[in-house]
Each structure stands twice: as C-alpha cells, then as structure tokens.
Amino acid sequence: MQPRACDSAIAAAAGGKNLPLPATQAAAVHASGLPRMPDGTGLACFSSTMRTAPKFRRATLIPRFALAFAALALMPLLAAAQGVSNPQDTAQLEALAKSEAALQFPKLTERQRFLVGPIEAGLQHEKCSRPIRPVVASPQHMKDRVLIELRCQDPKPWHIYVPVRIVGTSPVAVAAHAIISGTAIKASDLKTEEHDISELPLGFLDDPSIAIGLTAARPIAGGAYLTNQQLVAAKAVQRGQSVT
C-alpha cells in the first residue's frame, strides 16, 4: 500500500469511515499475519508505509500513525460519553433552581416571575439516585438575579450552574386581527395580553383604551404589539363627511 493511500486510509479510519483494502492487498495482509483494523488497514498499512518510506520520513510518520491509532482507541470512550442512558430530567432541575432562588428574594408581585436557565440542551447527566442539593453559587448576587449550583452526590458526582432572574411583566395592547392602514381603531380590533417587559418594543401601549379612536398610520399584522408610532390622531373631518 502506497504511503499516500495509507495516509488517507488512516485518516478515514480516524474519522469513522470504512475504507477497505483492494483484494490483492487484503490477501497480503492476511498472509502476513499482522493485526488488522476493522477497515482492513491497521498495522499492515503502517508496516507497508514504513518499508516504502525514505528513512528521513520515518521519524515524522511514526507520530502521525501514533495519533491516528490513539484517536481510534478513544472513539468508543467518546461515543459512550455522548449518550446518557438515564438522563436527569431538565424540568426537575429548573424547578429546584427556581425553588432555591425564591428563598433569596422577597415575595414577587403579581407583575413579576422567575426566568430559569437556560440549561444547555446538550448538557446531560445520569439521573441522580440521591436528592439533588441546590446551593447559591455566590452569596453576593444582584437584586434581580442569582446563580444556583445543583449538586449530585452520587458515587460519580456531578454539578451544574443554573442562572435564575426576575423579570417584570406588563399588560400590552395586541391587534386582534390584521388592521388596514387608515382604519380607525375600535375596541373589537384589540385584545390585552401579559408579556415580559424585556420582550416589548419601545412605545408599547399598556392600556388598549388609549388606542381606541386613533387611526392606524400603517398596516398592523394580527397579533402584533401596538405602539404609539403606529397610530395617529383621527382626522377632524373625513372626505365626503357632511358638516355644519
């Protein structure tokens, strides 16, 4: 097997690909009695390359093959680490962090709530057989947020950090349906919803009655938040209107 072909075979093996040898070379490897990798290369490829390579290249080839075989040896361990047979429930972790955070702050008002996480979706741990212990990661926290450490004291312990913060909510006027530009706003055109203030645009209307009687300055999509930039005062006299 030529050095370049052997290099590509080792690279393919390290990447998890199956690159079989030609029939004649496979027969030679079998006859030699040398160990073979699952893809048919392995030490036979190494021996072939070392025999055909010039002496000045052998010193550089040995580390390259050593790294390739090391990668192959670690692949089963990496595959096992990627999958967790019995993962810990993320919702339970969020609930524990929220309960511990509630002990660190005064009682929330009806316009406040806790926002937990996010907990990384790819961050999985085996389900803890013992009660998970929530601990405040640092006693010094801001007035609206805290970092909670969740500890599992199993024989194979693990821990994660979960951020928790307080967010304020506000009522906001929302378009009940699409509103055409130039339309005078009526009560039936609006509905009231509760949303986090951090999600709301500048100039949002927290009281739908403010918009009633005003005119849409531009088209407004159904479900969109109403803002003062979208509305103008109604014209005193409309075209075709009878006046005294």
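Read from the N terminus, the elements of the chain follow the order α-α-α-α-α-β-β-β-β-β-β-β, and this order belongs to a predicted model. In total the chain has five helices and seven strands. The structure also holds one disulfide, which is taken up in detail below.

**The chain as a whole**

- Of the 244 residues in the chain, 30% are buried.

**The disulfide**

- The two partners of the disulfide are cysteine 128 and cysteine 152, with a distance of 2.1 Å from S to S.
- The link of cysteine 128 and cysteine 152 is right-handed, with 90° about the S-S bond.
- This pair links distant parts of the chain, 24 residues apart: cysteine 128 sits in the loop between β1 (112-116) and β2 (133-136), whereas cysteine 152 belongs to strand β3 (residues 145-152).

**Burial of the two cysteines**

- Cysteine 128 has a relative accessibility of 11% and therefore counts as buried, because buried means under 20% relative accessible area.
- Cysteine 152, in strand β3, has a relative accessible area of 1%, so this residue is buried as well.

Notes: Residues are numbered from 1 along each chain as its sequence is written. This is a predicted model: local features need pLDDT of at least 70, side-chain atom pairs count only at pLDDT 80 or more; totals for chains, interfaces and linings use all residues. Side-chain values use heavy atoms; hydrogens and water are left out. Helices (H or I, at least four residues) and strands (E, at least two) are DSSP runs, numbered from the N terminus. Buried means under 20% relative accessible area, exposed over 50%, partly exposed in between (1.4 Å probe, protein chains only). A disulfide is a pair of cysteine sulfur atoms within 2.5 Å.
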